[in-house]
Amino acid sequence: MTLDLFGASDTGTYDRMGSAAGILRGFALPDVDALLPALADIQAASPFRHMITPGGFTMSVALSNCETLGWTSDRFGYRYSRVDPSHGRPWPAMPAVFLRLAQRAAAAAGFDGFAPDACLINRYVPGSRLSLHQDKNEVDSSAPIVSVSLGMAAVFVFGGHARTDKCFRTSLLHGDVAVWGGEDRMRYHGVLPMVDAPHPLLGSQRINLTFRKAA
Ligand code: SIN
Ligand code: FE2
């Protein structure tokens with residue numbers, strides 16, 4: 001496998017990562033012009049912030065959320081919250097363009113009827129990373145995870161069901177959509193420290209939208 005940090009995605013291809021996991025290359029590209037202004041509206045209502053992990057560390061990734069349930073972290077643990085803890089009001093609604101994209105990507109990867117109630121928005125800058133973890137704060141793990149990449153390229157690490165299982169690495173480029181569900185739903189994954197390779201549209205940042213069915 002080659003790690004192409006700078007090139008364009010091979011739009012239209014599906015890179016399989018497991019029997020129920022893969023990457024739809026360039027799938028979100030036609031929606032980018034509509035996604036970015038919708039993202040700006042969310043940021044105005046619920047700005048990106050660095051949360052504290054239960055272990056007391058400040059996350060290098062800044063986050064926001066939209067839709068009913070927002071993923072949060074503090075010293076007491078990871079959880080979903082109906083309100084943005086920075087001001088106590090609900091998270092912004094999920095823009096129609098977000099939902100349509102998530103549902104079309106899920107269906108293209110073999111998961112019909114995806115109905116996300118949570119959309120975590122992560123912002124990475126050079127040096128930001130996300131250590132190996134499982135998405136396990138969701139009550140309903142029958143639905144897939146749909147993860148949209150925008151801006152700078154990242155090296156995504158996808159492992160097995162145990163933290164120590166062998167991992168596979170691939171780059172996630174602007175417009176790529178990774179989907180994992182079914183027997184692959186609980187696989188460990190993470191993002192290596194970001195290298196500064198500014199993106200023409202988004203500059204020195206990467207935005208990731210993670211759609212989940214949390215409740
Ligand atoms: C996540 O696992 O929550 C995000 C993965 C990514 O940024 O690609
Ligand atoms: Fe995750």
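Strand β13 contributes 4 residues to the shell around ligand 1, the largest share; strands are DSSP runs of E of at least two residues and helices runs of H or I of at least four, numbered from the N terminus. The model is predicted, so local features need pLDDT of at least 70 and side-chain atom pairs pLDDT 80 or more, while totals for chains, interfaces and linings use all residues. Residues are numbered from 1 along each chain as its sequence is written, ligands are numbered from 1 and chains lettered from A in the order in which they are written, and side-chain values use heavy atoms, without hydrogens and water.

**Shell around ligand 1**
- At least two shell residues come from each of β6 (118-124), β7 (130-133), β12 (189-191) and β13 (206-212).
- The residues around the ligand (a heavy atom within 4 Å) include Asn 122, Tyr 124, Ser 147 and Arg 212.

- Taken alone, ligand 1 exposes 260 Å², of which the protein buries 98% (Shrake-Rupley method, 1.4 Å probe).

**Salt bridges**
- The structure has 10 salt bridges, each a side-chain nitrogen of Lys or Arg within 4 Å of a carboxyl oxygen of Asp or Glu.
- One of them joins Arg 104 to Asp 31, with the closest N and O atoms 3.4 Å apart.
- Because Arg 104 lies in helix α2 (residues 96-108) and Asp 31 in the loop between β2 (21-24) and α1 (32-45), this pair ties together parts 73 residues apart in sequence.
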